[in-house]
Amino acid sequence: MSGYAARIRGVAAMRECDRILSGRRPTSLAEQLAVLAATADPDGLPDFYGEGGPVATLERRVAELLGTADAVLFPTGTMAQQVAMRYGAELTGRTAVGLHPLSHPLVHERDAYAVLGGLRAVPTTTAARNPTAQEVAALDEPVGTLLLELPLRDAGFVLPDWDELVATVAAARAAGARVHVDGARLWESVPHLGHPAAAVAALADSVYVSFYKSLGGISGAALAGDEALARYARAWRHRYGGTVFQQWPVALAALDGLTDELPRLAGYVAHARTVAEALAALPGARVFPTPPHTHQFRIWLPHPADVLNAATLALAEQERAWFVGNWQETEVPGLSMAEVTVAGPALEFDPGQVVELGERFLRRVASAARPG
Ligand SMILES: Cc1ncc(COP(=O)(O)O)c(C=O)c1O
């Protein structure tokens, strides 16, 4: 089965489930079109090449939420962050960027920051968290930009505490660097940080936020900062091929997410603590971090990933209950990891129901492992 076919089989099974522990219920195209129709101003006109229409409305809304002078819509965060890092290099004359070895640009972007941007990475720390002030002050080379990924996804969606974040930013500034926040998941970081998203944006020189992760949009990102940054972002977005003729579906879906989903995220984060604690009680399970910093966290089970993925699918297709999907092998043979997302559907589970579903899932895993 191709990657797409396997994915779409999972999506179809998940859609039919009565209960979903991890993830959002996938929407059909008809449902998405209804959301766009309900969000659009019926007399409104589309955007053209990044100006006007729902795109302008979205950019204003994001700038208001983040307390920045402006925000610029990008087709992807990958593109937005390359522009932010390049800006830092131009302003400071330093092509080095302070990046965590587990950060998105270093792990998931085919070295675009280097190949397209002519930048080079200075690893900020070997620890599985964002760098401390001491680590930033002790970097071997001067960097033009320090990129902080909040939360650091590939370390388990981990966040610093507010005071640590403030100190790290101050250390970067003292070393003459600009600070860019990868806020792909900034919206749900607010409860742990104890400060609104605008306070995080005020600490940084630029912030990128995503519209399709926790907000459930179609795609898209915004790069927010002062007016000079926004002018630069629009110029380089054009050069990168990101000034799309019309982006109104993406903008409308993002606006819907900001209205509907953003206010719910704090509740998801609170419930993630309950779900994580219940899952940790399953035989052989480990979760991290405890308690989770956002509504997402990692779980490990001592079984091969293909067995776990088959059990998730079978449970969904035969019992209309979705446990946790997308199990991946770890470096320890027979130990697999998955990311858990506590969103709207998980609110229906109390701790006992989490354990009950987990045990049902593990019975399927055990029977798959038994010969015959
Ligand atoms: C932490 C982080 N940064 C950046 C990105 C890039 O976002 P996009 O898919 O819009 O390029 C992602 C996407 O998964 C991400 O998780």
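**Salt bridges: exercises with solutions**

In this predicted model, a search of the whole structure finds 17 salt bridges. The exercises below examine some of them.

**Exercise 1.** Determine which helices the salt bridge between Glu-31 and Arg-15 ties together.

*Solution.* The side chains of Glu-31 and Arg-15 meet with an N to O distance of 2.9 Å. Glu-31 belongs to helix α2 (residues 29-39) and Arg-15 to helix α1 (residues 3-15), so the bridge joins parts 16 residues apart in sequence. As for accessibility, Glu-31 is partly exposed at 36%, and Arg-15 is partly exposed at 30%.

**Exercise 2.** State whether Glu-59 and Arg-237 are buried or exposed, and locate their salt bridge in the chain.

*Solution.* The N to O distance between the side chains of Glu-59 and Arg-237 is 4.0 Å. Glu-59 sits in helix α3 (residues 53-66) and Arg-237 in helix α11 (residues 227-239), so the pair ties together parts separated by 178 residues in sequence. Buried denotes under 20% relative accessible area; Glu-59 and Arg-237 are both buried. Furthermore, Glu-59 and Arg-237 belong to a network of salt bridges that also includes Asp-70 and Arg-234.

**Exercise 3.** Characterise the salt bridge between Glu-319 and Arg-360 by distance, location and accessibility.

*Solution.* The closest N and O atoms of Glu-319 and Arg-360 are 2.5 Å apart. The pair links distant parts of the chain, with Glu-319 in helix α14 (residues 305-319) and Arg-360 in helix α15 (residues 351-369), 41 residues apart. Glu-319 has a relative accessible area of 32% and is therefore partly exposed; Arg-360, at 22%, is likewise partly exposed.

Technical notes
Residues numbered from 1 in each chain as written. Predicted model: local features only at pLDDT ≥ 70, side-chain atom pairs only at ≥ 80, totals over all residues. Heavy atoms only, no water. Helix = DSSP H or I, 4+ residues; strand = E, 2+ residues; numbered from the N terminus. Buried < 20%, exposed > 50% of the residue type's maximum accessible area, 1.4 Å probe, protein only.
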